Amino acid sequence: MRSSLWSRREFLRAAGAVGTAASVWNAGGLERVEAATQSVANMTPDEVAQDEFFWREIQLAFKLDRTLINLNNGFTCPAPRVAVESVWRYMDMVNMLPVHYQGPLARNVETIRLRMAAEFGCDPEEMALTRGASEALQIVQNGIDLKAGDEVITTEQDYPRMLTTWDQRMRREGIKVTRLQFPVPATQDFLYTMFEKAVTPRTKVFHFTHITNLTAQLFPVKRLSRLARSKGIVTIVDGAHALGHFPFRLRDLECDAYGVSLHKWLLAPIGNGCLYVRKDSIPKFWPLQAAPEQQDTDIRKFEAIGTHPWAIRAALGESLAFHQAIGAERKAARLRYLTLRWANALKSNPRIKILTDLSEPAQAWGVAAVNIEGIDVRALARFLMNNYRIIVVPLVGGAPPNSVFDYQALRVSPNVYTTLEEIDTFVAAMQEAAQSGVPETPDPVPGYPADITV
Ligand SMILES: Cc1ncc(COP(=O)(O)O)c(C=O)c1O
């Protein structure tokens, strides 16, 4: 049910938006998000997803460069101003007298562990805070004991840095790394069977993404974790793109370890990640930097990295509050709504192909991949940037140790602050490209796309 006109008016007053719009954003800003959420409390997430009035409030919570259309939110996302401002606040606080304030702030950050665990469905003693997904995943990838000949099964479409980590262990210790290839989109059954068939008596680790950073292919994490556990195999899941993007509970996945970039979909300031390790699996992994034996079963052993900026970690609390103020279900529904808006507008064009499964029930939310028959995606990305100032990532497969895949696509990833106008500009630009083609050797735009990272 949609909220009544009267409650809408009340909301406008509560939010201070009548007549003055963005200028009334206060330093905190969370109040307005919470007021907006209250005003849609009796609507379903799918109804809220289409409520531009609500999302306007969310858009105003960020300081963005609206001269560019950012459809590359799979890289690193802007944090809401409430989180950015808290970085400065904590930074100033510690900097007044680091020897005095650093210790207490480090201890206070324990509250973030508690809140992260409660929000994402695990025990606080299973939640380590890291600086990103690379750190989180490399802790467990490098921290597990493997002998020469022991086998890791992963996929060709896993993240290059994580594949490089296994590649280095292969070169250094002689472990065997099997990289499975799959078509996109693939069904959950196909992916399950692909791993099941690949298991050998030497298989010790499954490593795969929850959703890939390429086409956002979803993996059957729970089924694969159960399969692995039944055969004494450890499961490491790359959840860089999943946590904070669509709702699920970590414990329900039944994997041993799960690494996340919190500066992606949780909208945390850059330098935040987390590592979930199932309690009984903690002793299986050595920390990346040494910790005392007494910490063998303590999740904090993975955080022993010496002096680092506590302000960034403390500010994670504000991004979490922002995420909670929107609501995980509403956020996921909006991301899917934005994706379906461009994908549905383009899919009837016979030259345009979507490489992500957008059917129901949902398997994709804010990330999907698309290409135009006969057009090189690098040239297409340059055309979008040169003509429309749209930022997207061209995906082109590489050679090992990087990811290997035989398709080309643009990865398109809007976010909660993306406007419908921005999506529609992208649609119009793609239709134009499909109809008229794009220059193969356009004038290069300084800094793009060579330095844009997936
Ligand atoms: C699938 C995947 N894994 C790992 C990472 C590494 O994350 P971070 O940059 O937080 O270290 C990324 C980053 O894009 C990613 O997409």
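User: Is Ala 83 buried or exposed?

Analyst: This is a predicted model, in which local features need pLDDT of at least 70, side-chain atom pairs count only at pLDDT 80 or more, and totals for chains, interfaces and linings use all residues. Residues are numbered from 1 along each chain as its sequence is written, and side-chain values use heavy atoms, without hydrogens and water. Buried means under 20% relative accessible area, exposed over 50%, and partly exposed in between, with a 1.4 Å probe and protein chains only. Ala 83 has 0% relative accessibility, so the residue is buried.

User: Which helix holds Ala 83?

Analyst: Helices are DSSP runs of H or I with at least four residues, strands are E runs of at least two, and both are numbered from the N terminus. Ala 83 falls within residues 81-96, which form helix α5.

User: Which residues are around the ligand?

Analyst: A residue is near a molecule if one of its heavy atoms lies within 4 Å of it. The residues around the ligand are Gly 132, Ala 133, Ser 134, Tyr 159, Met 162, Asn 213, Asp 238, Ala 240, His 241, Ser 261, His 263 and Lys 264.

User: How many residues of the shell around the ligand are charged?

Analyst: Asp, Glu, Lys and Arg count as charged; Ala, Val, Leu, Ile, Met, Phe, Trp, Tyr, Cys and Pro as nonpolar; the others, Gly among them, as polar. The shell has 4 nonpolar and 6 polar residues, and the charged ones number 2.

User: What is the distance from the polar side-chain atom of Lys 264 to an oxygen atom of the ligand?

Analyst: A polar contact is a pair of N or O atoms within 3.5 Å; within protein, one must be able to donate a hydrogen and the other to accept it, and residues adjacent in sequence count only if both atoms are side-chain atoms. A polar backbone atom of Ala 133 is 2.9 Å from a ligand oxygen. For an N or O atom in the side chain of His 263, the distance to a ligand oxygen is 2.8 Å. For the polar side-chain atom of Lys 264, the distance is 2.5 Å.

User: What share of the ligand's accessible area does the protein cover?

Analyst: Accessible areas come from the Shrake-Rupley method with a 1.4 Å probe. On its own the ligand has 390 Å², and the protein covers 90%.

User: Which residue's side chain is in polar contact with that of His 210?

Analyst: His 210 sits in the loop between β5 (203-209) and α11 (221-230). At 5% relative accessibility, His 210 is buried. Its side chain makes a 2.7 Å polar contact with the side chain of Tyr 258.

User: What is the phi of Ala 216, in the loop between β5 and α11?

Analyst: Ala 216 is buried, at 4% relative accessibility. Ala 216 is not a glycine, yet its phi is positive, at about 65 degrees.

User: Where is Leu 267, which has a positive phi?

Analyst: Phi of Leu 267 is near 65 degrees, though the residue is not glycine. Leu 267 counts as buried, because its relative accessibility is 1%. Its place is the loop between β7 (257-261) and β8 (273-277).

User: What is omega for the cis peptide bond between Glu 360 and Pro 361?

Analyst: Pro 361 lies in the loop between β9 (352-354) and β10 (368-372). The bond joining Glu 360 to Pro 361 is cis, with omega about -10 degrees.
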